[in-house]
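Here's a quick briefing to read alongside the model.

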Amino acid sequence: MQLNLTDAPAQTISSPCVVIGVTEGGPLSPAAVAIDEASGGAISRMLDSRDIAVAIGKITFLHQLDGVAAERVLAVGMGKITKLDRSRFDRACLAAGKALRNHPLTACHVCLHEVEFGAVSFGWRLRQAALAIHRANYRYTATKAVKDDAPVPLQAASFGGGAEYQSALDQAAAMAIGFHKARQLGDLPANICNPAFLAQEAQAMVQAYAQVELEILDEAQMAELGMDALLGVSRGSSNRARLIIMKYNAGAAGQQPVVLLGKGITFDSGGLSMKSPENMIQMKYDMCGAASVMGAFLACVSLGLAVNLVCIIAAAENMPDGNAYRPGDVLTSMSGKTIEVLNTDAEGRLVLCDALTYSDRFKPQVIIDVATLTGACVVALGHHASGLFSNDDELASALLAAGDDVVDRAWRLPLWDDYQSQLDSPFADMQNVGGMSAGAVTAACFLSRFVEGQRWAHLDIAGSAWKWNEKEGATGRPVGLLTRYLMALAGVEPV
Ligand code: BES
Ligand code: MN
Ligand code: ZN
């Protein structure tokens with residue numbers, strides 16, 4: 001989708017659709033005033049008569065207003081002005097994006113960001129409006145015919161604003177591309193998107209850019225390194241595991257890299273501790289951590305951020321067969337620590353622990369892993385926040401702030417020592433499950449044992465990576481949070 005800026009007055013823009021925000025109790029935005037005046041007060045009259053809905057996320061299409069060049073105006077409710085904040089603004093913009101996405105029109109002009117609230121800058125509102133419209137424009141087509149009457153994606157959107165805001169638009173476009181990549185990969189079925197497929201995707205991504213290197217380890221190479229925890233998970237599958245390493249070096253020479261690590265379980269049957277059909281049905285999404293890391297990589301590279309970045313994808317499939325790892329097996333991880341497998345469905349932490357140990361060799365300044373790790377995290381936080389765990393307060397704050405700023409939010413949960421004893425095993429250095437209570441925390445505690453001496457954070461995205469009941473599929477989260485964090489590290493000025 002093409003995004004561009006224009007300074008032309010809203011009422012003069014000949015577009016299929018001009019999009020304005022309306023609030024309850026707030027003044028009309030400049031674009032709304034311009035359209036209202038040009039149309040002899042049509043907007044004010046329809047607000048008074050409640051033909052235009054102002055409730056948050058409600059939309060109203062208005063046709064052929066006198067004095068307005070556009071074919072139609074889309075009014076988007078932003079709710080009470082007193083309650084308007086970043087998150088509610090984002091929600092309204094996403095609703096607008098969905099309405100545009102589901103309409104046959106293919107171009108629009110957006111003025112949503114002209115609605116002022118709090119101390120939020122014009123650039124921020126512009127970036128988030130552009131990001132929301134672009135994100136909502138996603139369409140899954142890989143394995144589905146496009147019907148004649150199907151909704152038509154937008155080809156182009158213009159945004160009200162001067163050329164000085166180009167960087168806000170560029171940031172939105174890059175993040176949206178990252179979100180789309182993550183969603184596409186997440187939505188693909190496991191019979192297509194297996195570890196070898198993820199490796200091919202990485203190959204295709206790196207070929208498009210300079211300054212990028214790729215390394216792919218096969219199972220023999222991983223065995224050589226002693227990654228028996230990762231290989232234990234993969235053993236029951238006939239799709240061989242891969243460790244995919246993408247490097248991007250645009251930071252200062254010698255600057256320690258950021259490692260982003262993604263859980264890439266392309267299908268999680270649970271293994272011999274098999275999931276029930278209801279729980280298994282969504283498990284093609286168990287590689288969404290990997291997908292988001294690849295999406296963030298793409299966003300970062302396309303913005304040309306001045307950072308050194310290493311992305312690691314631990315790609316494997318968790319299946320049961322005669323060769324599969326069993327409950328009670330003891331695996332020796334690459335770190336040398338032994339793990340008693342009490343549940344083969346707690347496989348994410350097993351592939352991640354070896355990848356975390358492998359990360360050491362890059363002498364990273366920070367390691368951030370992203371994983372659809374626990375159902376318990378969904379119980380704790382639902383679908384709105386990703387769970388954040390960290391052994392470093394500064395890193396945790398930076399990630400929370402990044403998530404808040406792009407409305408891709410995380411919430412920190414504890415990683416106290418008190419929980420560690422739940423992982424004690426009579427037969428190994430630790431067991432891979434910590435019992436009924438605090439499942440998201442004990443999973444994070446497990447990972448923490450493989451990053452001693454590193455600044456590390458873990459994002460549990462089991463609740464945020466896809467929409468469970470809404471037939472909307474993968475969300476692409478937390479591409480926004482990760483990209484925003486990397487932007488801050490690279491010294492990109494806030495918009
Ligand atoms: N991939 C799942 C976690 C998951 C469950 C993500 C539901 C999204 C929705 C993970 O591999 C898993 O199965 N975790 C187990 C851990 C348990 C056996 C300790 C879980 O959450 O039930
Ligand atoms: Mn599992
Ligand atoms: Zn899993």
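What spacing do the donors of the manganese ion (ligand 2) follow along the chain? They follow D-x76-D-x1-E. Keep in mind that this is a predicted model, where local features need pLDDT of at least 70, side-chain atom pairs count only at pLDDT 80 or more, and totals for chains, interfaces and linings use all residues. Residues are numbered from 1 along each chain as its sequence is written, chains are lettered from A and ligands numbered from 1 in the order in which they are written, and side-chain values use heavy atoms, with hydrogens and water left out.

**Metal sites**

- Donors here are N, O and S atoms within 2.8 Å of the metal (3.2 Å for Na, K and Ca); water is not among the atoms, so sites may look incomplete.
- The manganese ion (ligand 2) has Asp 268 (OD), Asp 345 (O), Asp 345 (OD) and Glu 347 (OE) as its protein donors, at 2.0 to 2.2 Å.
- Its six donor atoms subtend angles of 71 to 168°, which makes the arrangement irregular; six donors count as octahedral if opposite donors are over 155 degrees apart and all others between 65 and 115, four count as square planar by that same test or as tetrahedral if all angles lie between 85 and 135 degrees, and anything else is irregular.
- The zinc ion (ligand 3) is held by Lys 263 (NZ), Asp 268 (OD), Asp 286 (OD) and Glu 347 (OE), at 2.0 to 2.4 Å.
- The zinc ion (ligand 3) site does come out octahedral, with angles of 79 to 174° among its six donor atoms.
- Asp 268 bridges the manganese ion (ligand 2) and the zinc ion (ligand 3), which lie 3.2 Å apart.
- Asp 345 is partly exposed at 22% relative accessible area, while Glu 347 is buried at 1% and so is Asp 286, also at 1% (buried means under 20%, exposed over 50%, partly exposed in between, with a 1.4 Å probe and protein chains only).

**Aromatic rings**

- There are eight aromatic pairs, counting rings of Phe, Tyr and Trp (its six-membered ring) with centres within 6.5 Å; planes under 30 degrees apart are stacked, over 60 edge-to-face and the rest tilted.
- Phe 89 and Trp 124 make a tilted pair, with centres 6.0 Å apart and planes at 50°.
- Phe 89 sits in helix H3 (residues 86-101) and Trp 124 in helix H4, so this pair ties together parts 35 residues apart in sequence; helices (H or I, at least four residues) and strands (E, at least two) are DSSP runs, numbered from the N terminus.
- Phe 89 is buried at 0%, and Trp 124 is buried at 3%.
- Tyr 285 and Trp 466 are stacked, with centres 4.9 Å apart and planes at 15°.
- The charged end of Arg 135 sits over the ring of Phe 179, 3.9 Å from its centre (NZ of Lys or CZ of Arg within 6 Å of the ring centre and within 35 degrees of the ring normal).

**Cysteines**

- The disulfide count is zero, using a cut-off of sulfur atoms within 2.5 Å.
- Cys 111 has its closest cysteine sulfur in Cys 108, 9.7 Å away and too far for a bond.
- Cys 111 is buried, at 1%.

**A loop residue**

- Asn 137 lies in the loop between helix H4 (122-136) and strand S6 (156-160) and is buried at 8%.
- Its contacts (heavy atoms within 4.5 Å) include Met 1, Arg 101 and His 180, leaving aside residues up to four places away in sequence.
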